[in-house]
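My notes follow in the order of looking.

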Amino acid sequence: MSLFNIFNVAGSAMTAQSERLNTVASNLANADSTTSANGQPYRAKQVVFSTTQMGDASAQGVKVAAVVEDNSPMKLVYDPKHPMANAQGYVEMPNVNVVDEMVNMISASRAYQNNVEVLNTSKTLLLKTLAIGQ
Amino acid sequence: MEDPGKPELKQKVAAVWQMENSGTDLVCIPDEYSSWFAAVEQEKNVINRLDEALRFQQTSLNLRAARQELLASNIANADTPNYKARDVNFANALQNALAGTAAVLPAAQTSTMHLQGNTGQNILGTPVMYRNPDQPSADGNTVNMDTERAQFADNALRYEASVRFVSDKVKEILTAIQG
């Protein structure tokens, strides 16, 4: 029954959006991390969404195809006192764009809310269907 | 309706059915079974009428549910690059489903760059189409959230209306039976 498939579709979208929110949180938390696990400054991460089939052909869900690193250049900040400063006195700061991340966060949270509403609507419809003849 | 239950009677009934199906007109029903046959005929009529009474709304509910799924997919994929929003022409779909026909609507392609209108999928015989993008975005996604949300709410409401119609029809039939 196709209304049940909507749970899978909206659920997959919610999972994908929460993963996006997770990367936003990680990017914002590490906006000033001058060293990461590999000794380099932290690189911003982005999720890549792709369509995935759930059940029949008309139910297309979402999955996170990949988490890619932002290849834009690091921000250089002049701070000779900093322990990570190079010979010229510049420190490489993460390439996290805080404005971009905030926009991403709002977009992810709105998309998540949309899907919650889709799920609730489908639930209401199924309950009404169950009540036929009562 | 009462099942006569006797093996020889059952044999006779089977023979009569066979004659009916083979197109022979020479069916002679003994008087003692005629009331039973009348009851069978009446029951067949009642079931046909019940089916007819609910079939339209049932088809409509099936289509609404399928369309709801399409719209949910569109909303779910609002941020997926290159996803194309899809929908069905509901009026056509309902007509096709009721008539049991399958419509093929070829989109006029005047350039090889044109998007194929038909997605190749179909719902109860009606092709699923791509929406005409009104504000295509840079990532190739054609989902317009305003349209999708509005259509989703509209479709949900119409689904509820169909549910209500079925419910009322059932109540009507029950009233007719119980008085």
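**Entry 1: across the two chains.** I note at the outset that this is a predicted model. I began with α2(A) and α4(B), which are roughly parallel to each other, because their angle falls under the 35 degrees cut-off. The computed angle is about 10°, and the axes lie 10 Å apart. I then listed who meets whom. From α2(A) come A:Val118, A:Thr121, A:Leu125, A:Lys128 and A:Thr129. From α4(B) come B:Phe152, B:Ala156, B:Tyr159, B:Glu160 and B:Val163. By class I got 6 nonpolar, 2 polar and 2 charged residues for this contact.

**Entry 2: α4(B) by itself.** I checked the length next. Helix α4 of chain B covers residues 145–178. Its 34 residues reach 49 Å from first C-alpha to last, close to the 50 Å expected at 1.5 Å a residue. Which residues of α4(B) are buried? I found B:Glu148, B:Gln151, B:Phe152, B:Asn155, B:Tyr159, B:Ser162, B:Val163 and B:Val166. For reading such a list I keep in mind that residues three or four places apart in an α-helix point the same way, because there are 3.6 residues a turn. After the helix comes B:Gly179, with a positive phi near 80°.

**Entry 3: α2(A) and its partner in chain A.** I turned to the other helix of the pair. α2(A) has 33 residues and reaches 48 Å between its end C-alpha atoms, close to the expected 48 Å. Its buried residues are A:Asn104, A:Ala108, A:Ala111, A:Asn114, A:Asn115, A:Val118, A:Thr121, A:Ser122 and A:Leu125.

How do α1(A) and α2(A) pack, roughly parallel or roughly antiparallel? Helix α1 takes residues 2–29 and helix α2 residues 98–130 of chain A. Their angle is about 160°, and their axes are 9 Å apart. They are therefore roughly antiparallel to each other. The crossing of α1(A) past α2(A) is left-handed. The residues of this contact divide into 19 nonpolar, 7 polar and 2 charged.

**Entry 4: the whole A–B interface.** I widened the view to both chains. I counted 29 residues of chain A in contact with 26 residues of chain B. Which elements of chain A give two or more residues to that side? They are α1, β1, β2 and α2. α2(A) gives the most, with 9 residues. The side of chain A that touches chain B divides into 14 nonpolar, 14 polar and 1 charged.

Entry 5: I picked A:Val47 in strand β1. It counts as buried because 20 C-beta neighbours lie inside 10 Å. Beyond four places in sequence, A:Val47 is in contact with A:Glu19, A:Arg20, A:Thr23, A:Val64 and A:Val67. A:Gln17 is 30 residues from A:Val47 in sequence and 9.3 Å away in space, C-alpha to C-alpha.

Next came A:Pro41, in the loop between α1 and β1 of chain A. Why does A:Pro41 count as buried? It has 20 C-beta neighbours inside 10 Å, so the label applies. Its contacts beyond four places in sequence include A:Ser33, A:Met74, A:Glu92 and A:Met93. A:Met93 is 52 residues along the chain, yet the two C-alpha atoms are separated by 6.2 Å.

From A:Ala57 to A:Pro80, 23 residues along the chain, the C-alpha atoms are separated by 59 Å.

**Entry 6: chain B overall.** I finished with the fold of chain B. It has 4 helices and 3 strands. The order from the N terminus is α-α-β-α-β-β-α. Of its 179 residues, 23% count as buried. Among its contacts with a separation of 6 or more, 69% join residues 24 or more positions apart.

Most residues other than glycine have a negative phi. B:Asn82 has a positive phi of about 65° although it is not a glycine. B:Asn82 sits in the loop between α2 (31–76) and β1 (86–87) of chain B. It counts as exposed because it has 12 C-beta neighbours inside 10 Å.

Note on methods. Residues are numbered from 1 along each chain as its sequence is written. Chains are lettered from A and ligands numbered from 1 in the order in which they are written. This is a predicted model: local features need pLDDT of at least 70, side-chain atom pairs count only at pLDDT 80 or more; totals for chains, interfaces and linings use all residues. Axes are lines fitted to C-alpha atoms, for helices over the stretch in contact, and angles run from 0 to 180 degrees between N-to-C directions. Angles under 35 degrees count as roughly parallel, over 145 as roughly antiparallel, 65 to 115 as roughly perpendicular and the rest as oblique. A crossing is left-handed if the near helix is turned anticlockwise from the far one by less than a right angle, and right-handed if clockwise. Ala, Val, Leu, Ile, Met, Phe, Trp, Tyr, Cys and Pro count as nonpolar, Asp, Glu, Lys and Arg as charged, and the others, Gly among them, as polar. The expected span of a helix is 1.5 Å times one less than its number of residues. Two residues are in contact if their C-beta atoms, placed from the backbone, lie within 7 Å.
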